[in-house]
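Student: I would like to learn how to read a structure that is new to me. Where do we begin?

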Amino acid sequence: MFSSVIIVVLVVAIAVMGYMYYKVRRQRDSFKQAIAVQKGYLQNMSHDIRTPMNAICGFSQILCNKQIRDMLSEEEISEYGIIIQSNTDLLSTLVNDILDISDMESGKYRMNIGVCNVNDVCRKAISTVKYRCPEGVNMYMTTDVPDDYTIQSDSKRVEQVIMNYLTNAVKHTPQGG
């Protein structure tokens, strides 16, 4: 009788150890998957941050260099200032997104839904990415909607998505438009 109790205890102990091994292995796999997702997210955010940062740096350098600035028209100077401001806003949004990661994970993330002028958002995205076009590539916008056409959305998110598409299009368009 004592030996059958020992056998039952050993079987239960082996079963518990097997279950614990399985659980630890599953947690390790989940951890590896979470690390891979986090790495992918950081790579995407790095790409998203570089686009506005490069625009801010590049156009600021142009405007701060007196020799170059003297060669620009007032219209060009104004356009570059608008591009810098637009990209500063976008970069600020991206940094806030990174800081709000904990809210996303806890389900408290909020989008800023409001009136979004479709054509204005598209124009801002184009003005941000247009300078990256290689020689021989023309970036332009055509639209079938009136200039006052609006939707309810987060305009910064819509602009960010369009900029991502345009940036990829610029990278893979050697000529044309």
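**Reading the chain**

Tutor: Begin with contacts along the sequence. This is a predicted model. Among the contacts in the chain with a separation of 6 or more, 83% are between residues 24 or more positions apart.

Student: How many helices and strands does the secondary structure come to?

Tutor: The chain has six helices and two strands. Read along the sequence, their order is α-α-α-α-β-α-β-α.

Student: What radius of gyration does the chain have, and what would a compact globule of 177 residues have?

Tutor: A compact globule of 177 residues would have a radius of gyration near 16 Å, whereas this chain has 27 Å. The box gives another view: along the principal axes, the C-alpha atoms fill roughly 100 × 40 × 30 Å.

Student: What share of the residues counts as buried?

Tutor: Of the 177 residues, 24% count as buried. As for the surface, the chain exposes about 12800 Å², and carbon and sulfur atoms supply 59% of that area.

Student: How many positive and negative side chains are there?

Tutor: There are 18 positive and 19 negative side chains. The centres of these two sets lie 15 Å apart.

Student: How do I check the length of a helix? Take helix α5: what should its twelve residues span?

Tutor: Compare the expected span with the distance between the end C-alpha atoms. Helix α5 covers residues 118-129, and at 1.5 Å a residue it should span 16 Å. Its end C-alpha atoms are 17 Å apart, so the two values agree.

Student: Which residues of α5 are buried, and what do they pack against?

Tutor: The buried residues of α5 are Asn-119, Val-121, Ala-125, Ile-126, Ser-127, Thr-128 and Val-129. They pack against α3 (74-99), β1 (114-117) and α6.

Student: How far does α6 reach from its first C-alpha to its last?

Tutor: Helix α6 (residues 155-171) has 17 residues and reaches 24 Å, close to the 24 Å expected at 1.5 Å a residue. Its buried residues include Lys-156, Arg-157 and Glu-159, as well as Met-163, Leu-166 and Val-170.

Student: Now a single residue. In which strand is Ser-153, and why does Ser-153 count as buried?

Tutor: Ser-153 is in strand β2 (residues 150-153). Ser-153 counts as buried because its relative accessibility is 17%, and buried means under 20%.

Student: Which residues does Ser-153 touch, not counting residues up to four places away in sequence?

Tutor: With those left out, Ser-153 touches Asn-112, Ile-113, Gly-114, Cys-116 and Val-158.

Methods: Residues are numbered from 1 along each chain as its sequence is written. This is a predicted model: local features need pLDDT of at least 70, side-chain atom pairs count only at pLDDT 80 or more; totals for chains, interfaces and linings use all residues. Side-chain values use heavy atoms; hydrogens and water are left out. Helices (H or I, at least four residues) and strands (E, at least two) are DSSP runs, numbered from the N terminus. The radius of gyration is taken over C-alpha atoms; the globule rule is 2.2 Å times the number of residues to the power 0.38. Buried means under 20% relative accessible area, exposed over 50%, partly exposed in between (1.4 Å probe, protein chains only). Contact means heavy atoms within 4.5 Å. Accessible areas come from the Shrake-Rupley method with a 1.4 Å probe; for residues, only the protein chains shown count as cover. Lys and Arg count as positive and Asp and Glu as negative; His and the chain ends are not counted. The place of a charge is taken as NZ of Lys, CZ of Arg, CG of Asp or CD of Glu. The expected span of a helix is 1.5 Å times one less than its number of residues.
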